[in-house]
Each structure stands twice: as C-alpha cells, then as structure tokens.
Amino acid sequence: MGSRRRFIKNSGALLTGAALSPMITGKLKAGISANDQLNVALIGCRGMGMYDLTDHLKQAGINCAALCDVDSNILQERAKTVQELTGKTPALYKDYRRVIDDPDVDIVIIGTPDHWHCLPAVDACAAGKDVYVEKPLANSIAECQVMLKAARKHSRIVQVGQQQRSGQHWQDIVALVRSGKLGTIRKIKAWGYFPYGKGSPKVPDSPPPDGVDYNLWLGPSPEHPFNKNRFHGSWRHYWHHGGGLLTDWGVHLLDIPLWAMEVKFPGSVMATGGIYAFPENAIETPDTLNVLYDYGSFTLEWDHAGGISRGLYGRSYGVAFIGNNGTLIVNREGWEVVAESENNADKTPVIPLQPADDLSHEKHVKNFLECVKSRKSPICEIEQGHNVALVAHMGNIAYRTGNKLYWDESKGKFMDDHKANAYLKPEYRSPWKFPA
Ligand SMILES: NC(=O)c1ccc[n+]([C@@H]2O[C@H](COP(=O)([O-])OP(=O)(O)OC[C@H]3O[C@@H](n4cnc5c(N)ncnc54)[C@H](O)[C@@H]3O)[C@@H](O)[C@H]2O)c1
C-alpha cells in the first residue's frame, strides 16, 4: 500500500502543471491496484461530512484513518460512531494541518463550513492527497479559482459534493433536454423555497461552548465574538461563512442547467431581493432573492424564499426547463413533462412523474473512489464545482452591489466594475494566508 501511495503522489509531481486529461490519467492507472486499501480522513465532522464519510465506509477497502474537528464534543461523538461502524478508532485531530501532515492519509473529505473549504483543499492537493470536497466549492470566486489551480498543478482527483450528477434520474433529464424534444428552450427556472432560509431569532453573544476552539472555527474569516447563530449549521446565513440559499441550494440546482445546456458562465447577471420577510431574525443573506442570468439564447432564473415552502409548480424546490413544446420539471424526488398543445394535439409526449433513484450520494462516493484508483476524472470534477460556484457567487455579488454584472472569463473577474470585483477575494485573517 505504501508503494501505491507513493506512486500516486509521485505521479502528481511528475505531472505538475498539466491538466488532468484521460490520456495522462490512463498512464497512471497501471501502477495502482484496484484492491489497495485507501485511508480516508474527514475534516469537519458534524453534518454532511459525516454523511460523506459513512458512504465512503460502505465501500470495500476503505479505512477511516483520522477525524478532525475544532469542536471536541463532535469529534468524540463521531469517533464513537466510527468505532461502532468499523471496529477501529481513528486518529483524532483539532487542527486540519495534522491531517495534511499524516503520510498515511490518501483521501481527505472536507465537510467544514464554506469559509473553511479552500485552505484544507489546497493543502491536501499540495500534499498529494485526493479530495472529496463539499459544495459550494468555496465561499468566494477567488478561492474557487485557486482550488482549481491547485488540483490541476498537483494532478489530484477532486470530487465536489454535488451528488445530483451521479443520480440516474438527473442523467435521464439531461439526455431529454439535449434530445430537443422540448423544443427551443428559452427559459430555465431554478428555485428553492425553504423554511430554514430565514435565520433564527437573535440571541446575545456568549462564551463558546466548552471544548470548542472558536478562533480556529473562524480561521481565515474576520474575528467575531461567539454567537450561537454564527456557528454550527446556521453559519450559512452570514456572508463571511456562506452565501445563503443561493450558494447552499443554488449550486445543486443551477448545476443542472449548466450541465444540460453545456454552458459555463452567463453574459450578464442581475439580482434583486432583501431581508423582507424576517428582518428581526439573525441573518445577513437575503431571505428573498431573484437572480437573472442571460445566456444569450436563454435566460436562467434563480428564485428563493426562506421561511416558506410553497414554490413553483407545486414543489418547494426544483428546476424547470421551459421549451416551446413542453416544460420539464425536476427535483430530487423525480421529474415530469407537461406538454404545450396546438390544435388539440400535444407538441411533446406528456410524461407523468418519474420517481428518482435515491442512491445518488452513494454512487457519487463510489465514482470518486473508482477515480482515485483509475485516475480518471470524477463525475463532478472540480471544474464543474468551480463553474457553478462562480455562477452562484455572481448572483450574490449582483445582489450586494445592485449592479448588472458582466463576467470576463479570460480575466476571471467582472468587466469594469470595481465594486463587484472587490467581492472576488476575501481578506484572510492573520496568521492564515490566502494560498499563493
Ligand atoms: N451535498 C449536500 O447535499 C450537502 C448537504 C448539507 C451540507 N453540505 C455542505 O457541507 C458542508 C458542511 O455543512 P454542515 O451543514 O455539515 O455544517 P455543520 O456546521 O453542521 O458542520 C461543520 C463542521 O465542521 C467543523 N469545523 C469548522 N471549522 C473546522 C476546521 N477548521 N477544522 C475542522 N473542523 C471544522 C465544525 O465544528 C462542524 O463540526 C458545507 O459546505 C455545506 O454546504 C452539503
């Protein structure tokens, strides 16, 4: 196993600077045995990270080498669960850099809040480890860009936690959209009306709970006194840690049109909204938001409302592809097509609700592990996570500036807009440094 690990790491070094392509990865395959055991470490263990780890541990030949969390209460609880699942106790760390230093760790799962994705991912890539990173890829455009560069530079396999890409019913609807049966698609709507997107009642600042290193939790983000609302789970409503519903759910749902329509970045972005419904709550991100992306031949609209759940087409969340012949509506539960008609004839076959397969997350993990061994590109390769995270951040930046924005892909920034470009890159709090 040691020699296999060395092989993967050294091959990364040999390929420094080269983009991961099927040809290059094909060469790597010969040195890796499909039977090798892989050592996985989880950084950020409370919520989704543990879910990710559990699906990794369901696969053959996977060993949990380490858990890392800045909350020792969570760390102890999760260590107990891993012991029950595997019969072994993993190494336990508070500081993610100990995971990166551990030469036995092959794979790092990153389940930290969004402001803590970039540094562990970049460091893991530089240390020759492969990465399963939760979505959104990062909490800013510049962090996404530097993560993509690191993955390429070190030829790492990076799967982003947009598990829809592994779901059969999502793959089916992508094929249907591309078949042309819906006719010309001129509008796509993606929406999320979720009770949680409204923040929580305000509470006073307090000392952090025992066992929590809150300074390390804040990490590169600005210093703040501890507040229960700016912590586990609810950090997503604060700009320094997350981007509200648009980056939380938007990356899952906006990814579907980008994938189906084979597009990356819009020509322009406009947004409007506010904290209209729950102004008394602890929340910085808008509880109400509409973003309009212009893709030249179609518009893509993001629409969210926090605190309620009656969304479009009778679904609290989903994506609708609106074509001249019919509309395809899809979410995690399934998909259907409603037809336009002319002279009493449907212009496309009506397709009643097709239930989803609910195994997309486990398939996503399986695909990642196969790719770690084969060195092929995973199904949600870092570039796809990068692209949709940028699109989501562009919507938030349009909302925060109030400007109509134009993206310059070649320069990786907005055209002629200092106000918008000021949101590209966060200032890292010392001693943390933005990756070079
Ligand atoms: N793919 C999905 O469907 C899905 C679903 C939910 C959440 N997510 C993503 O998963 C990530 C985690 O979300 P969550 O809801 O589980 O958050 P959470 O707040 O419940 O858990 C985050 C954990 O990370 C720990 N942590 C924070 N900083 C750390 C650090 N520097 N080192 C080690 N541990 C640290 C926290 O103590 C906590 O235990 C987010 O990026 C979120 O967007 C993805």
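Which residues lie nearest the centre of the second largest pocket? I opened the notebook with that one.

**Ground rules.** This is a predicted model, where local features need pLDDT of at least 70, side-chain atom pairs count only at pLDDT 80 or more, and totals for chains, interfaces and linings use all residues. Residues are numbered from 1 along each chain as its sequence is written, and side-chain values use heavy atoms, with hydrogens and water left out.

**Entry 1: second largest pocket.** I found Asn139, Ser140, Trp239, His240 and Pro426 nearest the centre, out of 23 lining residues. A pocket here is an open set of points on a 1 Å grid over the protein atoms alone, where a 1.4 Å probe fits, with protein on both sides within 12 Å along at least five of seven lines; lining residues have an atom within 4 Å of a point. The space comes to about 410 Å³. That volume is the space filled by probe spheres set on the points, which are joined across faces, edges and corners. I then sorted the lining by class and got 10 nonpolar, 9 polar and 4 charged residues. Ala, Val, Leu, Ile, Met, Phe, Trp, Tyr, Cys and Pro count as nonpolar, Asp, Glu, Lys and Arg as charged, and the others, Gly among them, as polar. Helix 7 and helix 13 each give at least two residues to this lining. Helix 13 supplies the largest share, 4 residues. Helices (H or I, at least four residues) and strands (E, at least two) are DSSP runs numbered from the N terminus.

**Entry 2: helix 7 on helix 13.** I noted that the axes of helix 7 (residues 141-153) and helix 13 (residues 382-401) come within 9 Å and cross at roughly 170°. Axes are lines fitted to C-alpha atoms, for helices over the stretch in contact, and angles run from 0 to 180 degrees between N-to-C directions. Helix 7 and helix 13 are therefore roughly antiparallel. The cut-offs are under 35 degrees for roughly parallel, over 145 for roughly antiparallel, 65 to 115 for roughly perpendicular, and oblique for the rest. On the helix 7 side, the contact residues include Ile141, Cys144 and Met147; on the helix 13 side, they include His386, Leu390 and Ile397. Contact means heavy atoms within 4.5 Å. By class, the residues of this contact are 10 nonpolar, 3 polar and 2 charged.

**Entry 3: largest pocket.** I put its volume at about 660 Å³. It has 34 lining residues, and Met48, Gly111, Thr112, Trp235 and Arg236 are the closest to its centre. Helix 3 (48-57) and helix 9 (214-218) are the elements that give two or more residues to this lining. I counted the lining classes as 14 nonpolar, 10 polar and 10 charged.

**Entry 4: helix 3 on helix 4.** How do helix 3 and helix 4 cross, right-handed or left-handed? I read the crossing as right-handed, meaning that the near helix is turned clockwise from the far one by less than a right angle. The axes of helix 3 and helix 4 (residues 72-86) come within 11 Å, at roughly 15°. The two helices are therefore roughly parallel. Met50, Leu53, Thr54 and Leu57 of helix 3 touch Arg78, Thr81, Val82, Leu85 and Thr86 of helix 4. That contact has 5 nonpolar, 3 polar and 1 charged residues.

**Entry 5: helix 8 on helix 11.** Helix 8 (residues 168-179) packs on helix 11 (residues 250-261) at about 45°, with the axes 9 Å apart. That makes helix 8 oblique to helix 11. This crossing is right-handed as well. Among the contact residues I listed Trp170, Ile173 and Val177 in helix 8, and Leu253, Ile256 and Trp259 in helix 11. The classes are 9 nonpolar, 1 polar and 1 charged.

Entry 6: Most residues other than glycine have a negative phi, and most peptide bonds are trans. I found a cis bond between Lys135 and Pro136, with omega about -15°. Pro136 sits in the loop between strand 5 (130-133) and helix 7. Ser430 and Pro431 are also joined by a cis bond, with omega about 10°. Pro431 is in the segment after helix 14 (418-421). Asn343 has a positive phi, near 50°. I placed Asn343 in the loop between strand 16 (341-342) and strand 17 (345-346).
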